[in-house]
Amino acid sequence: MAESGKRTAKRKYEDERRTFLSEWEDLYFFVQRNGKPFCLICQTSLSRFKASNLERHFTSLHSSVAREFPKGSELRKHKVKTLKGQAEKQTQLFRKFTKHSETVTLASYQLAWNIARAKKPYLEGEFVKKCLSDAVAILCPENENLKRSVKDLQLSRHTVEQRISDIDNSVETHLLSDLQKCQYFSIALDESCDVQDKPQLAIFVRFVSEDCTIKEELLDIVPLKDRTRGIDLKETLMTVVEKANLQLSKLTAIVTDGAPAMLGSEKGLVGLCKADDRFPEFWTFHCIIHKENLVSKKLNLDHIMKPVLEMVNFIRTHALNHRQFKNLIDELDEDLPSDLLLHCAVRWLSRGNVLSRFFELLNPVKLFLAEKHKDYPELHDPQWISDLAFLVDVLQYLNGLNVDLQGKLKMLPDLVQSVFAFVNKLKLFKTHLQKRDYTHFPTLLKASGQEAEVVKGSAARYATLLENLEQSFEDRFFSLRQKRQQITFLINPFTAESDCLKAPLVEDEAASQLEMIELSEDDRLKSVLREGTVEFWKIVPVERYPNVKQAALKLLSMFGSTYVCESLFSTLTLVKSKHRSVLTDTHVKELLRVATTEYEPDLKKIVETKECQVSH
């Protein structure tokens, strides 16, 4: 049977745009609350503003009210007014309770954030609550509202754990969102074992936005269940990259600790990534701080370190000897350090600090070992004392370089500049020693006051040692010197050569040369450079200098060291200690991300989101 015509489309309630009518208060005892009609008698909410629905509800459920309070009478109006007042009081009470609940929850999130940032256990929440309760009882004994608020704080172990997890989710959401919008990024990787001997691969990402904002954040820390070969590291990295939905076309560099499994050209992580078509052409770096530390070990002065460590261990590792040595220092009543330092091979600055402290306490050490009838002929050998003083000075300079290379958000040109400035210092030191000028060697100068002839006779040997150290720096940082012209362009593009930019920093080398020439004559931008490197590149217009701006953004996005990874592993020893070794991998990742992030989470928004989820 043919249809007589098209069916009329059924109207939707949302399209009718109905509103609440004021006369419904007197007719049906309804008011508007939270966008819905609310019955003052039975306190029930209906879904729609339809007079027929309200009338049906009133006549079927409250017919007795219609008889007792006739329509249009003053008695009915008074009843409506009374019921509205009672409903408003209930609403105000509920709002007050809700506000109190939200405030207390927000406070618990803030405390959980502080606990995680301080790398403290979840149980610290209960301790903090007890401290707050005791403090309020003493400072504000009459303030019952404050006492009740502190009592209502949710800070149990499981609650703090959940709060930190919520904060981590918020931070991760912001991170992944920023990574999608960033211009370029680089990756820093390092691997270390935790307290359970489980290898943990830390993956950090450094990225730069269009406005030259630079951030360094923990992308993930992944436990390696079995082996740590290059293929295992590559598979783990790809899993993290896919999970974060990273666009590999934006990758500019990979920085590692220099282990064969990382830097191997064939079976290492870097070699495997370069052979993978999904990866673009990118730079690779062996961590500059690691390379500096390897170079410092080229100082072949084991005849100094071995006796010193033996003497330090004899004094420090025996409790009685340690107490007696400290008492001896107190009795000497001189302006001396209070104790010797123990050596730790994995700490970058340890060797220099141990030797420096040993030299400062050389006389007390001689006295103490003589009392203990321990014979170390080196302590009475002028040549050995001179070598010790020389090594102290050189290691202090190396420690200064190491400290200068450390830190977050360091730009690659600054790290390169520090390294090659130190190489030039070594050349100066060598020249001065050849002239027997000890101006830059205060410890050696002090030793030369007692054994001048010995020190003078060793000056040439010391100069040779510095020359070898200089050559070691040149060898280790040869690849970095080759890239230096491209890297330092970021600091002052006006003095750089027009052809300094090469692939992969730029895609069109010919166009970049023309842009460099034009940029070098841009007087307006020259005045901006004094405000700082990042501020300068914010101003450089991408429309006029697209290739140059692209190269600058890529360089800004590059890690120069794995310092952030090393710093994370230091935090890992606090978070996952022998007392907290049963923490799951998920908990460890959440704690480390919250403890190290530079994001400031919007805790109020997190609370509102949680409340909305609960209400639904």
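## His 587

His 587 is part of helix H27, which covers residues 585–596. The structure described here is a predicted model. Is His 587 buried or exposed? His 587 counts as buried because its relative accessibility is 17%, and buried means under 20%.

One is with the side chain of Glu 161, at 2.8 Å. Another is with the side chain of Thr 584, at 3.0 Å. When neighbours within four places in sequence are left aside, His 587 is in contact with Tyr 122 and Glu 161.

## Helix H13

Helix H13 runs over residues 302–316 and has 15 residues. From its first C-alpha to its last, H13 reaches 21 Å, which is close to the 21 Å expected at 1.5 Å a residue.

Buried residues of H13 include Ile 304, Met 305, Pro 307 and Val 308. Met 311, Val 312, Phe 314 and Ile 315 of H13 are also buried. Which helices do the buried residues of H13 pack against? They pack against H14 (319–332), H15 (350–360), H16 (362–371) and H17 (382–405).

## The largest pocket

The largest pocket holds about 620 Å³ of space. It is lined by 24 residues, and the closest to its centre are Val 346, Arg 347, Trp 348, Glu 566 and Ser 570.

Strand S3 (184–193), H15 and helix H26 (563–575) each supply at least two residues of this lining. H26 gives the largest share, 7 residues. By class, 12 residues of the lining are nonpolar, 8 are polar and 4 are charged.

Note on methods:
Residues are numbered from 1 along each chain as its sequence is written. This is a predicted model: local features need pLDDT of at least 70, side-chain atom pairs count only at pLDDT 80 or more; totals for chains, interfaces and linings use all residues. Side-chain values use heavy atoms; hydrogens and water are left out. Helices (H or I, at least four residues) and strands (E, at least two) are DSSP runs, numbered from the N terminus. The expected span of a helix is 1.5 Å times one less than its number of residues. Buried means under 20% relative accessible area, exposed over 50%, partly exposed in between (1.4 Å probe, protein chains only). Contact means heavy atoms within 4.5 Å. A polar contact is a pair of N or O atoms within 3.5 Å; within protein, one must be able to donate a hydrogen and the other to accept it, and residues adjacent in sequence count only if both atoms are side-chain atoms. On a 1 Å grid over the protein atoms alone, a cavity is a set of points where a 1.4 Å probe fits but cannot get out, and a pocket is an open set with protein on both sides within 12 Å along at least five of seven lines; lining residues have an atom within 4 Å of a point. Grid points are joined across faces, edges and corners, and a volume is the space filled by probe spheres set on the points. Ala, Val, Leu, Ile, Met, Phe, Trp, Tyr, Cys and Pro count as nonpolar, Asp, Glu, Lys and Arg as charged, and the others, Gly among them, as polar.
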